[in-house]
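Work through the exercises below with the sequence and the model in view. Each task is followed by a solution in steps.

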Amino acid sequence: MSTNSIMIVGVGGQGTLLASRILGNVLISQGYDVKISEVHGMSQRGGSVVTYVRWGEEVSAPIVDIGGADTVLAFELLEARRALPYLKEGGKLLVNTQQIDPMPVIMGKAEYPEGLLSKLGEHAEVTAVDALSLARKAGTAKAVNVVLIGLLAKTTDIPRESWEQALAETVPPKFLEINKKAFQLGYTHQAEGGDLT
Amino acid sequence: MKKLLLGNAAVARGAYEAGARFVSSYPGTPSTEITEECVKFPEIWCEWAPNEKVACEASIGAAIAGTRALTCCKHVGLNVMADPVFTASYTGVNAGLVIAVADDPGMHSSQNEQDSRHYAKAAKLPMLEPSDSGECRDFTVLAYELSERFDTPVFLRLTTRVAHSQSLVELKEPAEPVKKPYVKDPAKYVMVPANAVKRHVVVEDRTAALAAYAEETPLNRVENNGSKTGVIAAGITWDYAKEALGDSADYLKLGMVYPLPEKKILDFCAAHETVYVLEELDPFIEEFCKAAGAKVIGKEAFSLLGEYTVNGIRSVVTGEAPEAPAVENGGIPVRPPVMCPGCPHRGTFFVLKKLGLTVAGDIGCYTLGAAPPLASIDTTVCMGASVSAAHGMIKALGPEAAKKTVSVIGDSTFIHSGITGLINTVYNKGAGTVIILDNSITGMTGHQDNPTTGRTIRGEATKQVDLAALCKAVGVDDVQVADPFDVKAFEQAVRRAAENPEVSVVIAQRPCALLKGVKYTGRARITDRCRTCGLCLKAGCPAIAVKDGKPVVDPAQCNGCGLCVNICPFGAIEKEEEA
């Protein structure tokens with residue numbers, strides 16, 4: 001089989017690292033070779049963050065280059081747009097419709113782009129979800145990452161039980177119930193259509 | 001058992017399996033997790049040292065005393081560590097000593113892009129460079145064997161993409177901890193000139209022996225696919241080359257980047273029509289090849305700047321232009337890192353910006369005070385440089401500058417190397433104000449304890465440096481403690497300190513908002529008393545943005561710290577407790 005590539009993008013502090021760990025654990029449970037690349041440190045402080053996850057029989061590079069991602073899992077709308085050049089033609093884009101203004105927008109030096117969802121739709125097969133609301137429904141706004149993992153899980157051939165097992169292995173036991181609920185909400189979510197603006 | 005491990009965690013695993021039992025480091029991205037992962041093995045003595053030099057010296061001591069030791073740092077940390085490293089090359093070790101250094105091509109979290117391989121050559125120490133987590137473990141284990149076999153400290157070089165990538169590692173049973181007898185041997189360990197003259201001979205002989213080892217070790221291996229194109233690579237560029245070129249090229253993979261195997265390289269080059277050297281940062285391998293008379297292509301086709309990419313390598317080697325992306329990113333607003341909501345530094349920089357002071361900055365989360373809208377930092381060079389640079393600025397600009405110049409430095413950075421700068425300022429009759437940003441933790445590298453927190457790396461209670469008493473002890477008479485979220489009182493404290501013609505210290509005390517014990521409640525809300533003066537926006541809080549001409553709080557971002565409530569001159573911002 002050829003190597004599969006997922007890019008997880010978001011804003012530092014949104015919990016993208018945990019999402020990539022759950023994904024990594026489920027992929028090993030399926031017997032794949034897996035490589036995950038993260039960036040720690042300064043960019044984690046509210047900046048754009050990117051995690052690459054690649055799997056297959058044998059994976060060489062841990063990084064996804066321009067045009068190399070089969071799937072982009074985006075925790076924030078503008079970050080989804082920023083990741084677009086990395087998506088393969090016709091690739092899948094799973095996006096949280098949450099908007100977080102970057103500092104240039106807060107300062108009035110730039111505009112948060114309008115009509116992003118339709119722009120994304122021109123280049124990718126988009127599934128949009130209000131993961132923040134679903135996470136709150138599960139019990140905590142912090143579970144956005146697990147809602148999105150649920151959404152991603154649905155697009156794969158990997159059995160749901162394997163995902164749930166990986167979830168149990170990755171999150172602390174005292175938060176497992178909330179996270180299971182968040183996963184469930186993401187997994188069973190019906191895609192939203194339309195434009196945000 | 002196979003496990004998905006971060007490169008850094010795999011280095012820790014390797015040290016554990018090799019029986020290392022002493023680890024001393026100072027945190028530095030992208031090396032920090034090596035030491036943090038060692039903590040997970042209760043058998044290993046782990047510690048955060050105040051700086052890299054101390055960490056390395058402690059590790060040298062442990063190795064001389066007969067216990068395998070590890071010290072870890074980022075590339076710029078190796079500069080701080082360099083003094084003991086160069087002489088430990090002469091003393092050699094008893095039990096093995098590994099120095100793990102992580103470079104940061106692309107400067108994801110660093111102030112420069114230096115290439116640590118030059119240190120291996122300069123200090124005449126062998127350096128291994130793994131390509132993935134499996135090799136991180138294997139090479140660490142091997143590094144201890146080499147350290148003892150050749151009686152030398154061994155460098156293990158990582159780069160960000162190896163240190164912070166996870167891949168599968170086959171876990172092995174740990175070896176019995178190495179305990180070598182300590183034997184007093186001043187001719188070997190006391191580096192006075194008479195002894196060092198003799199030890200230098202040993203160092204040169206050792207380097208020759210290591211060069212011979214480099215020719216035979218499987219660390220440096222040829223992968224033959226019958227191609228006319230050859231690639232010489234080490235570390236992450238080998239992974240990239242394999243991804244880009246697959247079986248269409250032959251490879252000389254170098255696991256040991258110093259000393260380099262001259263004959264192996266010349267043979268490989270002679271067997272191929274075209275040979276590319278793929279290495280990020282400096283042409284370290286390339287220059288060696290060219291000096292040895294090999295014809296290779298290196299930096300004439302690749303950049304000295306930043307990271308290499310799979311597409312970039314493919315396009316140079318195959319001559320095919322990379323496919324243009326279907327969509328461009330021009331015009332999209334950038335998202336630079338910012339201080340977190342609730343960050344104590346925000347209050348400090350809000351005041352410094354307001355007072356229009358010249359600010360000598362330092363290394364930590366608070367370096368983000370250089371970014372707009374706070375944009376208050378004038379200089380950032382290296383750990384500790386704020387205090388000493390401010391002293392130099394004031395001496396150069398004259399006494400009036402003392403009233404307008406402050407330095408800002410975190411608690412951990414102050415202990416790392418700010419205290420020596422402060423002693424210098426006091427001793428040399430300097431002036432100005434040092435603001436110690438005491439947020440009760442080492443922040444940017446991800447929450448490490450330090451001598452000012454009162455806890456060890458394992459979270460045990462220990463003696464705590466009293467920052468105020470320390471400053472007084474070195475001769476600062478004017479030491480104030482102030483809360484940067486009490487904006488008015490903090491401003492007064494800074495004004496008063498700046499007016500003092502002698503050196504003064506303000507300790508800005510408030511814990512990092514991400515610390516477990518810090519619990520803010522509720523959310524800020526901007527009421528209709530708002531006169532849209534925009535002052536709250538000048539604090540650069542990611543939770544306050546303008547919607548339809550008015551500032552509003554994003555409840556998903558706000559953590560209820562209340563700084564904006566204190567900033568608003570019209571009392572228009574209120575705290576709303578959650579239902």
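**Exercise 1.** Find how α15(B) and helix α17 (residues 411-427) of chain B are packed, and class the angle between them.

Solution. This is a predicted model. Step one: the axes of α15(B) and α17(B) are 7 Å apart, and the packing angle is about 25°. Step two: angles under 35 degrees count as roughly parallel, so α15(B) and α17(B) are roughly parallel to each other. Step three: from α15(B), the residues B:Val387, B:Ser388 and B:His391 take part, and they meet B:Gly418, B:Gly421, B:Leu422, B:Asn424 and B:Thr425 of α17(B). Step four: sorted by class, this contact between α15(B) and α17(B) has six polar residues, two nonpolar and no charged.

**Exercise 2.** Describe how α6 (residues 144-154) and α8 (residues 176-187) of chain A cross.

Solution. Step one: the two axes come within 6 Å, and the crossing angle is roughly 45°. That angle makes α6(A) oblique to α8(A). Step two: the crossing in which α6(A) passes α8(A) is right-handed. Step three: on the α6(A) side the contact is made by A:Val146, A:Val147, A:Ile149, A:Gly150, A:Leu151, A:Ala153 and A:Lys154, and on the α8(A) side by A:Asn179, A:Ala182, A:Phe183, A:Gly186 and A:Tyr187. Step four: eight of the residues in the contact of α6(A) with α8(A) are nonpolar, three are polar and one is charged.

**Exercise 3.** Which residues of helix α1 (residues 16-29) of chain A meet α6(A), and at what angle do these helices pack?

Solution. Step one: α1(A) and α6(A) pack at about 35°, with 9 Å between their axes. Step two: their crossing is right-handed. Step three: A:Leu18, A:Ala19, A:Ile22 and A:Leu23 of α1(A) meet A:Asn145, A:Val146, A:Ile149 and A:Leu152 of α6(A). Step four: the classes in the contact of α1(A) with α6(A) are seven nonpolar residues, one polar and no charged. Step five: compare the lists.

**Exercise 4.** Locate two cis peptide bonds and one positive phi in chain B.

Solution. Step one: the bond from B:Tyr258 to B:Pro259 is cis, with omega near -10°; B:Pro259 lies in the loop between β12 (256-258) and α11 (262-270) of chain B. Step two: the bond from B:Pro372 to B:Pro373 is cis, with omega near 5°; B:Pro373 is in the loop between β14 (358-360) and α15 (385-397) of chain B. Step three: B:His447, not a glycine, has a positive phi of about 75°, and B:His447 is placed in the loop between β16 (433-438) and α18 (467-473) of chain B.

Definitions and conventions
Residues numbered from 1 in each chain as written. Chains lettered and ligands numbered in written order. Predicted model: local features only at pLDDT ≥ 70, side-chain atom pairs only at ≥ 80, totals over all residues. Heavy atoms only, no water. Axes fitted to C-alpha atoms, helices over the stretch in contact; angles between N-to-C directions. Helix = DSSP H or I, 4+ residues; strand = E, 2+ residues; numbered from the N terminus. Parallel < 35°, antiparallel > 145°, perpendicular 65-115°, else oblique. Left-handed = near helix turned anticlockwise from the far one by under 90°. Contact = heavy atoms within 4.5 Å. Nonpolar A, V, L, I, M, F, W, Y, C, P; charged D, E, K, R; others polar.
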